[in-house]
Amino acid sequence: MIAKQGGPETCNSVNMMRLTESLFAQRPEARMAEYYERVLLNHILSAYDPCKGMCVYFTPMRPAHYRVYGSE
């Protein structure tokens, strides 16, 4: 099997956050709030370039791997 160069997509994480918001509204549970917080901090906010604010679409899974950010 050939490993792909990409990684998780931020759009998938955003969709999972939206689903979690809906589920939390129906049945508030701490585990859902914790999941939301982990996704926000570990994937969404980490996908932004701290200097220019541009977002990376794919998040590489390999340590010290490069990221390609969107352009202005």
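What follows is a set of questions and answers about this structure.

Q: What kind of model is this, and from what number are residues counted along each chain?
A: This is a predicted model, where local features need pLDDT of at least 70, side-chain atom pairs count only at pLDDT 80 or more, and totals for chains, interfaces and linings use all residues. Side-chain values use heavy atoms, with hydrogens and water left out, and residues in each chain, as its sequence is written, are numbered from 1.

Q: How many helices and strands does the protein have?
A: Helices (H or I, at least four residues) and strands (E, at least two) are DSSP runs, numbered from the N terminus. By that count, the secondary structure comes to two helices and zero strands.

Q: How much of the protein is buried?
A: Buried means under 20% relative accessible area, exposed means over 50%, and partly exposed is in between (1.4 Å probe, protein chains only). Out of the 72 residues in the protein, the buried share is 18%.

Q: How far does helix 1 reach from its first C-alpha to its last?
A: The expected span of a helix is 1.5 Å times one less than its number of residues. Helix 1 covers residues 10-26, which is 17 residues, and the expected value is 24 Å. The model comes close to that, with a reach of 25 Å.

Q: Why do the buried residues of helix 1 sit on the same side?
A: The residues in question are Thr10, Ser13, Met17 and Thr20, which are buried in helix 1. They sit on the same side of helix 1 because they cover an arc of only 70° around the axis. The arc is that of the directions from the helix axis to the C-beta atoms. So the value behind the shared side is an arc of only 70°.

Q: Which element do the buried residues of helix 1 pack against?
A: Packing here is about contact, meaning heavy atoms within 4.5 Å. Seen from the partner, the buried residues of helix 2 pack against helix 1. Seen from helix 1, its buried residues pack against helix 2 (30-44).

Q: How far apart are the end C-alpha atoms of helix 2?
A: Helix 2 has 15 residues, so at 1.5 Å a residue it should span 21 Å. The model agrees, with its end C-alpha atoms apart by 20 Å.

Q: Which residues of helix 2 are buried, and which exposed ones does the face turned away carry?
A: The buried residues of helix 2 are Met32, Val39, His43 and Ile44. They cover an arc of only 75° around the axis, which puts them on the same side of helix 2. The face turned away from that buried side carries the exposed residues Ala30 and Asn42.

Q: Is Ser13 buried or exposed, and which residues does Ser13 touch?
A: Ser13 has its place in helix 1. Its relative accessible area is 10%, so Ser13 is buried. Not counting residues up to four places away in sequence, Ser13 touches Val39, His43 and Ile44.

Q: What lies 2.7 Å from a polar atom of the side chain of Thr20?
A: Thr20 lies in helix 1 and counts as buried at 9% relative accessibility. Leaving out residues up to four places away in sequence, Thr20 touches Met32, Tyr35 and Tyr36. The atom 2.7 Å from a polar atom of its side chain is the backbone oxygen of Met16.

Q: Which residues is Leu40 in contact with, leaving aside neighbours within four places in sequence?
A: Leu40 is found in helix 2 and is partly exposed, with a relative accessible area of 29%. Leu40 and Val14 are 26 residues apart in sequence, yet 8.6 Å apart in space, C-alpha to C-alpha. With those sequence neighbours set aside, Leu40 is in contact with Met17 and Leu45.

Q: Why is Cys55 too far from Cys11 for a bond?
A: A disulfide is a pair of cysteine sulfur atoms within 2.5 Å, and the structure holds zero disulfides. Cys55 counts as partly exposed at 27% relative accessibility. Its sulfur is too far for a bond because the closest cysteine sulfur, in Cys11, is away by 9.8 Å.

Q: Which residues does Gly70 touch, not counting residues up to four places away in sequence?
A: Gly70 lies in the segment after helix 2 and counts as partly exposed at 34% relative accessibility. With those nearby residues left out, Gly70 touches Met54 and Cys55.

How values were computed. Polar contact = N/O pair within 3.5 Å; in protein donor to acceptor, adjacent residues only side chain to side chain.
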